[in-house]
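Have a look at the sequence and the model first, and then we can walk through a few spots together.

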Amino acid sequence: MLTLNQHPTGRHFLQIPGPSPVPDRILRAMSLPTIDHRGPEFGALGLKLLAGIQRVFQTEHPVAIYPASGTGAWEAALANTMSPGDLVLMYETGQFATLWQKMATRLGLKTEFIAEPGTCEQTGLPFSWRRGVNAALIAERLRADTGHQIRAVCVVHNETSTGVTSDIAAVRRAIDSARHPALLMVDTISGLASADYRHDEWGVDVAISGSQKGLMLPPGISFNALSPRALEVSKGARLPRSFWAWEEIVEMNKGGYWPYTPSTNLLYGLHEALEMVLEHGLGTVFARHQRWAAGVRAAVNAWGLPIQCADAAVYSPVLTGVVTPAGVDADAVRKLIHARFDLSLGTGLGKVKGRMFRIGHLGDCNDLTLVATVGGCEMGLKLAGVKLAGSGVQALMDHFAEHPSAHAV
Ligand code: PLP
């Protein structure tokens, strides 16, 4: 029997930006007996899930659900719409945008990876990893593409490596203002069900998401939300695809079934997650994350440390990146906090490795979880010799006292 006994007492604090802590209600739902995925009970469940997930994406169009992590859904988005050698325009917001670009290249696509040039003087970190997508750069590039070689614009909505939530409506406007036919593909793996995401209103053609973030499920299922245009384009796309092929999935989904064995028990969890998110209402869920995020930022500001996201207009409601002073290895601080306080924080990824750590404020959290999390960070930073300007815990408590939640958290 598997035992995880390195956490001898109390509950481990899983404050990474996904996988997020899973509510007991979801874990219990997942413990129900596995049923026949071709039987009538399953079909009814499938139809309910597909309707619920459309509401979360804010779309009236099909959503494909894969028994795969988010990386699979990235591949599905490209494999269903692109042909070998097609050019895609991608934007370097951080490590996840970088990995998606790498995948596109591996799949035989040409990529252009644009970014705001320059490095931040204060932190020495790349600007485009601190500010998110600059839609004007996309518009400029698309206007120059008079032959319409660019087939898709791919951006990350909530860049989990930095804590920046880019303005997707602005990217849509950029494409429209250039009168360019490129598809808009958006990775909202860590945005969905925590940061506002509006598939139809923002004119997104393919959205990619995963289970283990805002939906508060364990890892293992992922999504492609589609537009009618994406489905149309997919008919002529020539990249090889089989497991990922939308057509068969969309067809079988009409009866609530899948072409192959779905992750039955994760889908029970999804059923519970959708009930929870929709019971609270999307607006409440987004407001809850915004409030937590503002509290955590107040704490980081009180410490006197820079926040990785340097543009207040695009602070992530899902996570906050904390930049450590030059000479202090953020990863060593993170490891110390884990060893001393049984608190997991997100590591710095790629270009920001060792320069920052990430505090996740999503999933099964409440105000006191976050007070404890910030407490663990504060103790760890002090133990690592970082001189703090003031108490982040006090700032967070003040924030929560001054901004009571409109709803039970
Ligand atoms: N994109 C973003 C924004 C992510 O946060 C992640 C994972 O954290 C991924 C893609 C990759 O997803 P997965 O690890 O589920 O394959």
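**Leu 319 and its surroundings**

Leaving out neighbours within four places in sequence, Leu 319 makes contact (heavy atoms within 4.5 Å) with Pro 17, Asn 158, Glu 159, Thr 160, Thr 162, Gly 163, Arg 358, Ile 359, Gly 360 and His 361. Please keep in mind that this is a predicted model, where local features need pLDDT of at least 70, side-chain atom pairs count only at pLDDT 80 or more, and totals for chains, interfaces and linings use all residues. Residues are numbered from 1 along each chain as its sequence is written, and side-chain values use heavy atoms, with hydrogens and water left out.

- Leu 319 belongs to strand E11, residues 319-323; strands (E, at least two residues) and helices (H or I, at least four) are DSSP runs, numbered from the N terminus.
- Leu 319 counts as buried because its relative accessibility is 1%; buried means under 20% relative accessible area, exposed over 50% and partly exposed in between, with a 1.4 Å probe and protein chains only.

**The ligand site**

- Around the ligand are Ser 69, Gly 70, Thr 71, Trp 74, Phe 96, Val 156, Asn 158, Thr 160, Asp 187, Ile 189, Gln 212 and Lys 213, where a residue is included if one of its heavy atoms lies within 4 Å.
- Helix H3 (residues 70-81) supplies the largest share of this shell, three residues.
- An N or O atom in the side chain of Ser 69 is 2.6 Å from a ligand oxygen, and a polar side-chain atom of Lys 213 lies 2.6 Å from an oxygen atom of the ligand.
- On the nitrogen side, a ligand atom of that element is 2.6 Å from an N or O atom in the side chain of Asp 187.
- Taken alone, the ligand exposes 390 Å², and the protein buries 87% of that, with areas from the Shrake-Rupley method and a 1.4 Å probe.

**Thr 123**

- Thr 123 sits in the loop between strand E4 (110-114) and helix H5 (128-131).
- Thr 123 is buried because its relative accessible area is 5%.
- Beyond four places in sequence, Thr 123 touches Arg 130, Pro 306, Val 323 and Arg 355.

**Arg 334**

- Arg 334 is found in helix H12, residues 330-341, and is buried because its relative accessibility is 18%.
- The side chains of Arg 334 and Asp 331 are joined by a polar contact of 2.8 Å; this term means a pair of N or O atoms within 3.5 Å, and within protein one must be able to donate a hydrogen and the other to accept it, with residues adjacent in sequence counting only if both atoms are side-chain atoms.
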